Amino acid sequence: MRKILIVEDDGGISDFVEAELRHDGFETVVARTGREGIELFEKESPDMILLDVMLPEINGLEVLRKIRAKSSVPIILETARGETIDKINGLNSGADDYIAKPFEIEELLARMNAIFRRMDAPLKPAVIRIRDIEMNMNSMGVTVGGESLSLSKTEFFMLKNFMENPGKVMSRDEIIDAIWGKNHYIDMNTVDVYVGYLRSKIGSGYIVTVRGLGYKFQEE
């Protein structure tokens with residue numbers, strides 16, 4: 001049974017989400033403050049964290065940074081509708097996905113299950129090498145010029161998608177379908193944010209923008 005840590009100070013929202021997740025077969029633990037969220041993360045070792053941005057004591061983005069510094073546990077950020085800056089800051093800080101409040105529980109479950117499917121997908125026993133980037137599908141390790149990189153799961157699978165299709169121009173829709181799954185709404189800006197995040201880690205000469213079409217991975 002997967003364990004979900006819900007970090008939410010609104011009792012009405014956390015009680016509702018907890019009840020629905022338990023009904024769907026998840027084990028849950030709930031934190032009401034950012035500080036308690038960090039403590040329960042360390043104590044409970046959850047399989048996923050649902051993290052509100054607006055929290056007392058320590059805000060959600062700071063909680064995200066503290067957890068991401070020591071763990072790659074999947075984190076879905078709960079943001080206020082229309083707060084684009086929170087979404088961008090959250091993704092840049094390592095969130096795997098976000099959902100705007102108020103949300104339907106079906107959408108939350110779809111986003112959670114999409115992440116779990118990516119995690120559970122069998123990795124091919126292979127190493128992909130293009131130029132000086134090497135990806136190990138078994139260990140999920142990435143090196144550039146022999147130097148190890150720390151990537152979130154979403155970053156890893158996005159880079160994998162690019163490197164498995166070198167030279168192919170991929171639209172944002174194609175990237176969303178490959179990374180988050182079809183029929184799963186993701187803002188186009190999310191792709192741009194993750195591409196920017198990857199470029200900052202692997203360097204700017206690999207993933208190039210094809211104006212009006214999307215992105216491609218340069219083989220040479």
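Predicted model: local features only at pLDDT ≥ 70, side-chain atom pairs only at ≥ 80, totals over all residues.
1. Where do the two domains meet, in terms of numbers? Domain 1 puts 15 residues into the contact, and domain 2 puts in 15 residues as well.

2. Next, the interface itself. The size of an interface is often given as the accessible area lost when the parts come together. Here domain 1 and domain 2 bury about 1400 Å² between them, and 50% of that lies on carbon and sulfur atoms. How many salt bridges cross the interface of domain 1 and domain 2? The rule finds zero. Polar contacts are another matter: seven residue pairs make them across the interface of domain 1 and domain 2, with both partners at pLDDT 80 or more.

3. Which of them gives the largest share? That's helix 5, with five residues. Sorted by class, this side of domain 1 has seven nonpolar, four polar and four charged residues.

4. Stay with strand 5 and helix 5 for a moment. The side chains of R111 and D97 form a salt bridge, with 3.0 Å from N to O. Because R111 is in helix 5 and D97 is in strand 5, this pair ties together parts that are 14 residues apart in sequence. Across the protein, the count of salt bridges comes to 16.

5. The loop joining those two elements deserves a look too. P102 is found in the loop between strand 5 and helix 5. Is the peptide bond from K101 to P102 cis or trans? This bond is cis, with omega near -5 degrees.

6. Another backbone detail to check is E57. Its phi is near 75 degrees, which is a positive value in a residue other than glycine. You'll find E57 in the loop between strand 3 (48-52) and helix 3 (60-68).

7. Finally, step back to the whole protein. There are eight helices and 11 strands to trace. The C-alpha atoms fill a box of roughly 55 × 35 × 30 Å along the principal axes. How does the radius of gyration fit with a compact globule? For 220 residues, such a globule would come out near 17 Å, and the protein has 18 Å, so the two agree.

Methods: Residues numbered from 1 in each chain as written. Heavy atoms only, no water. Contact = heavy atoms within 4.5 Å. Buried area = accessible area lost by both parts, 1.4 Å probe. Salt bridge = Lys/Arg side-chain N within 4 Å of Asp/Glu carboxyl O. Polar contact = N/O pair within 3.5 Å; in protein donor to acceptor, adjacent residues only side chain to side chain. Helix = DSSP H or I, 4+ residues; strand = E, 2+ residues; numbered from the N terminus. Nonpolar A, V, L, I, M, F, W, Y, C, P; charged D, E, K, R; others polar. Rg over C-alpha atoms; globule rule 2.2 N^0.38 Å.
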